[in-house]
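Morning, everyone. Please have the sequence and the model open, and follow along as I go.

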Amino acid sequence: MTPVIQLIKKQIIPETVDRTPDRFQVFTEKQLDKIAVLSRLSEQHRFEMRVVSTVLPFRVNQYVLDYLINWNNIPDDPMFQLVFPQKGMLSEQDFEQMATVLKSTTDRSLIQQTANEIRQRLNPHPAEQLSLNVPSIEEQSAEGIQHKYRETVLFFPGQGQVCHSFCSFCFRWAQFIGDKNLRFSNKEAEQLHTYLVKHKKITDLLITGGDPMVMKTDHLVSYLEPLLRPEFKHVQTIRIGTKSLSFWPQRFVNDADADALLALFSRLVKAGKHVALMAHFNHWREMSTLITQEAIQRIRATGVVIRTQSPLLNHINNDPDIWAQMWREQVRLGMVPYYMFVERDTGARHYFEVPLARTWEVYRQAIQKVSGLARTARGPSMSTGPGKIEIHGVSEINGEKVFVLRFIQARNPDWVQRPFFAKYDTDATWLDQLRPAFGEEKFFFQDEYDAMLLKQISPRAY
């Protein structure tokens, strides 16, 4: 046991929790009743959690239970909301449908059928992920690869299609429900490398999931080390999207292959690649444990840059003071605030979404409370079908109150940084609820985007 782990053991949350912080222990929907601390909740509350977790994926580990949740503030605690299912995550109609089935039968096939019906109503693959993002290699779909923007390719390694714990808001929830038709994954490093060699405009590779950090280091080596060969010179940046710094920082400290992982990072950086760990932090408490802070130090010592991002979420971080504290702490620890996202239009969106007007105010007020080093955080940003659209501000022009919008990234690079305007709407939560300002019928990109949908035009055409 390392000295850091010994110190963590002194950070007591409730004494009633059975502590096993050195051993990874996970609980899923089938083990909800085995999480001893949930006995504090009423029988009705536990049943509601079971109903929701039958539809939406649930997974939590002992580290999260022991060190991130304040069990004296349940159910309002933001970390509890982050990982545990809540009744409001399903519509009243969907909840009652699932509850009725669970009360009336133990037939797993009927339960699964009902869950799948509800899931299909939750927009499992937003922003044309299936129709426009999947490229081809020799006229065959390259499963496990997404290429939405010209310079950046996303890769979903098959060994990384799970997480140490699941975020209750996650827009990739469809990856985790056991339906192969809704899952992106690819175990073939050769296919990834073939695609990268053929597309020299690609400068950035994003390894995503799930969480790539659930993989053994040997798997990561097979995907990443070949990128040091001359034919991959155009791939300048390797990004790794992960929640592991929050949910299992031991991955970088005392896991069996933690040192080998850091050695891989060092080799990539020393060979001239920019390696960025895209760390998901939704609340400042996730950075409060000593082992997370040690993990951050160890990663930074390899030359890897840690960039941080999160959506703005009701029940979790809908407060400018939380964001300001989170950004300040990230800068203190040597990380770079990168994005504030708008909650995606999928899954439990109605539970977590925040009106765009409120989202902008939270961002603006939080930015006002931090120094310039934390103002690297961009947003609020909607990851829509046409691209990443930033709420650049709220203004009044010729007597009309408007949202000022612009593309941070787009399917057509020519759209990027072109300002456009939408009517101010206090209730709108996503792009499809906004209307053009000044009497215009369409946003400037709409016709071209509609043509992309019709003709399946990819960003590689530009």
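I will go through the sheet, a helix pair, the salt bridges and a few backbone details. Keep in mind that this is a predicted model.

How many strands form it, and in what order? There are 11 strands, and the order is 5-6-7-8-9-10-11-12-13-14-15. The sheet is open, and its pairing is mixed. Which strands sit at the edges? They are strand 5, residues 145–149, and strand 15. Each of these two pairs on one side only. On average, neighbouring strands are turned by 30° against each other, with direction ignored.

Take strand 6, residues 152–155, and strand 7, residues 204–207. They pair in the parallel sense, over four bridges. Find V153; its bridge partner in strand 7 is L205. Now go to strand 14, residues 400–410. It pairs with strand 15 in the antiparallel sense, again over four bridges. Here L405 stands opposite F420 of strand 15.

Stay on strand 15, residues 420–423. A general point first: side chains in a regular strand alternate between the two faces of the sheet. Which side chains of strand 15 are buried? F420 and A422 are, and they point to one face.

The phi of Q417 is near 70°, a positive value in a residue other than glycine. Q417 is partly exposed, at 43% relative accessible area.

H315 has a positive phi too, near 80°, and H315 is not a glycine either. Look for H315 in the loop between strand 10 (305–312) and helix 12 (320–332). H315 is partly exposed, with a relative accessible area of 36%.

Next, the helix pair. Helix 2 covers residues 43–55, and helix 5 covers residues 92–104. Their axes are 9 Å apart, at an angle of about 105°. The two helices are therefore roughly perpendicular to each other. Who makes the contact? From helix 2, the residues include F47, V51 and V55. From helix 5, they include F95, M98 and L102. By class, the contact has eight nonpolar, one polar and three charged residues.

Helix 5 also brings us to salt bridges. The structure holds 16 of them. In one, the side chains of R121 and D94 meet, 2.6 Å from N to O. This pair links distant parts of the chain, 27 residues apart. D94 is in helix 5, while R121 is in the loop between helix 6 (108–120) and strand 3 (136–137). Buried or exposed: what about D94? D94 is buried, because its relative accessible area is 6% and the cut-off for buried is under 20%. R121, at 46%, counts as partly exposed.

R150 meets E151 at 2.9 Å, N to O. R150 is partly exposed at 26%, and E151 is partly exposed at 23%. R418 pairs with D414, with the closest N and O atoms 3.5 Å apart. R418 is partly exposed as well, at 35%.

Last, the cis peptide bonds. Where are they? One runs from I74 to P75, with omega near 10°. P75 lies in the loop between helix 3 (62–67) and helix 4 (78–83). Another joins G379 and P380, with omega about -10°. P380 lies in strand 12, residues 378–383.

Conventions
Residues are numbered from 1 along each chain as its sequence is written. Side-chain values use heavy atoms; hydrogens and water are left out. Axes are lines fitted to C-alpha atoms, for helices over the stretch in contact, and angles run from 0 to 180 degrees between N-to-C directions. Angles under 35 degrees count as roughly parallel, over 145 as roughly antiparallel, 65 to 115 as roughly perpendicular and the rest as oblique. Contact means heavy atoms within 4.5 Å. Ala, Val, Leu, Ile, Met, Phe, Trp, Tyr, Cys and Pro count as nonpolar, Asp, Glu, Lys and Arg as charged, and the others, Gly among them, as polar. Buried means under 20% relative accessible area, exposed over 50%, partly exposed in between (1.4 Å probe, protein chains only). Two strands pair if DSSP finds at least two bridges between them. A salt bridge is a side-chain nitrogen of Lys or Arg within 4 Å of a carboxyl oxygen of Asp or Glu.
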